[in-house]
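Hi,

Here is the structure we talked about. Have a look at it first, and then read on for what turned up in it.

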Amino acid sequence: MRTILKHYINGEWVESTGNDTEDVINPATEEPMGQISLGTKEDLNKAVQAARDAFPGFSQTSKEERIEMLENIAEAYARRKDEFIDVMTDELGAPLEISEKIHYSMGYNHFAQAAESLKTIEFMEHRGNHTVVKESVGVSGLITPWNFPTNQASTKIASAFAAGSPVVLKPSEMTPFAAIMLAEIFDEVGVPKGAFNLVNGTGETIGDGISSHPDIDFVSFTGSAGVGTKIMQNASETIKNVALELGGKSPLIVLEDADMKDAARNAVSNIATNTGQVCSAATRMIVPASKKEEFEQAVLDVLPEFPVGHPREGNYVGPLVSKKQWDTVQSYIEKGMDEGANLIAGGTGLPEGLEKGYYAKPTIFTDVTNDMVIAQEEIFGPVMSIITYDTIDQAIEIGNDVVYGLAGYVYGKDPETLRKVATSIRAGRIKINDASHDFNAPFGGYKQSGIGREWGDYGIEEYLEKKAILGFPS
């Protein structure tokens, strides 16, 4: 049982000014694994003031100082690898393998990549008779989600630190302990006081407070489109900059010449990894009508490779994060059946042999049309929709026929067709076949999937203002 009833403000762990607390539930056991204090507006104001006080000095640190700081953070982060894995498994329900290879790894890589990217960024550029100076955007308010606690917090914080921007972080109250560990690491390596501040709390109090606070210059949020809309509205009152990484309903277009077994394994991995709680996951499988039966059978054949069960017992698919999320996923499965989609695997209820924990059955629908609710709305669970097409142009049209545009996937062999599909999908990140991650590649969305980019130098640029100076002395 982890109990942290303090916030990290101005380089110190301080008591909350309020008395409200909240239990953090282990979704595998449905039992509390920790408890945090829920911050107040007064706590937030203290954190924002600390960041404002830190801004003049922190924003003027040299690039070399910030590179060294980021490298020190990465080294300290790596020393606590086992603890990060343990925390991710308990608070999120992520299986040990996922906690290590995805959650721990992504957090580490963002700090390491930010240090590397910073080495090549020029903060002053002379152009003709003017000079462009890139300088810190100011105080940044960061609001992060529960599904990737290390990844989302680390990419935002690393970019902000690289740009010399002090931050106030509000992690999800459902998965707060990874962020608390980050605060401990920053304290250990000597991040300047006030450059990092952590206030736990609810979206209604701390999240709304960040997006509407007059002394916060920039807000970076990852979460639902509905909350993103509210953040934009709040931020508009003070004309603050906003970066939003929102939902997705990503297509995976399988080409006629694809190896159906490999494509199926890739497809199932998309809905199984992190129990489908991935904003960029491919959940619409768009396959040639001529290959429909072959692809469906391949999916059924590989599904046992992704067992569901307790995250500490070697399974690949753990529980959903909460009872609320479990109920949401169940309701979407019911909608799919009501809409007439053909259920070929999974369904409602707990998987066989699991009586406790928020486990969902990996569910496969076929004979789905793109106008169905399950093909249009983000489910955020292990649910796949299989849609067929007759021509590549039709596949692309189906792929783009959603309000989202966060990611897209294409699986096949012909280079020309792969290029055509990849360049035609209206989304911020496209993955061809089994291409590996690149932590310097920009991540963000088109349409209602968001505004702005994260990761690498593109992420750092979000935290920089551009100033033109004419007649700058040489």
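Two strands count as paired if DSSP finds at least two bridges between them. In this predicted model, strand E5 (residues 31–37) and E4 pair in the antiparallel sense over six bridges. One place to look is Val-24, whose bridge partner in E5 is Gly-34.

These two strands belong to an open sheet of three, in the order E1-E5-E4, with mixed pairing. Strand E1 (2–4) and strand E4 (21–26) are the edges, each pairing on one side only. Direction ignored, neighbouring strands here are turned by 20° against each other on average. Helix H3 (residues 81–91) packs on the sheet and touches E1, E4 and E5; its direction makes about 95° with that of E4. Helix H6 (residues 177–189) also packs on the sheet, touching E1, E4 and E5, and its direction makes about 50° with that of E5.

On to the aromatic rings: the whole structure holds 15 aromatic pairs. In one of them, the ring centres of Phe-186 and Phe-196 are 4.7 Å apart and the planes stand at 75°, so the pair is edge-to-face. Phe-186 lies in helix H6 and Phe-196 in strand E10 (residues 196–198), so the pair ties together parts ten residues apart in sequence. Phe-186 is buried, with a relative accessible area of 1%, and Phe-196 also counts as buried at 1%.

For comparison, Phe-443 and Trp-455 form a stacked pair, 5.5 Å centre to centre with 15° between the planes. Both Phe-443 and Trp-455 are buried.

Finally, UniProt lists residues 13–469 as "domain: Aldehyde dehydrogenase" in an unreviewed entry.

Best wishes

Key:
Residues are numbered from 1 along each chain as its sequence is written. This is a predicted model: local features need pLDDT of at least 70, side-chain atom pairs count only at pLDDT 80 or more; totals for chains, interfaces and linings use all residues. Side-chain values use heavy atoms; hydrogens and water are left out. UniProt positions are given in the numbering used here, feature names are shortened, and annotations may be inferred rather than shown by experiment. Helices (H or I, at least four residues) and strands (E, at least two) are DSSP runs, numbered from the N terminus. Axes are lines fitted to C-alpha atoms, for helices over the stretch in contact, and angles run from 0 to 180 degrees between N-to-C directions. Contact means heavy atoms within 4.5 Å. Rings of Phe, Tyr and Trp (its six-membered ring) pair if their centres lie within 6.5 Å; planes under 30 degrees apart count as stacked, over 60 as edge-to-face and the rest as tilted. Buried means under 20% relative accessible area, exposed over 50%, partly exposed in between (1.4 Å probe, protein chains only).
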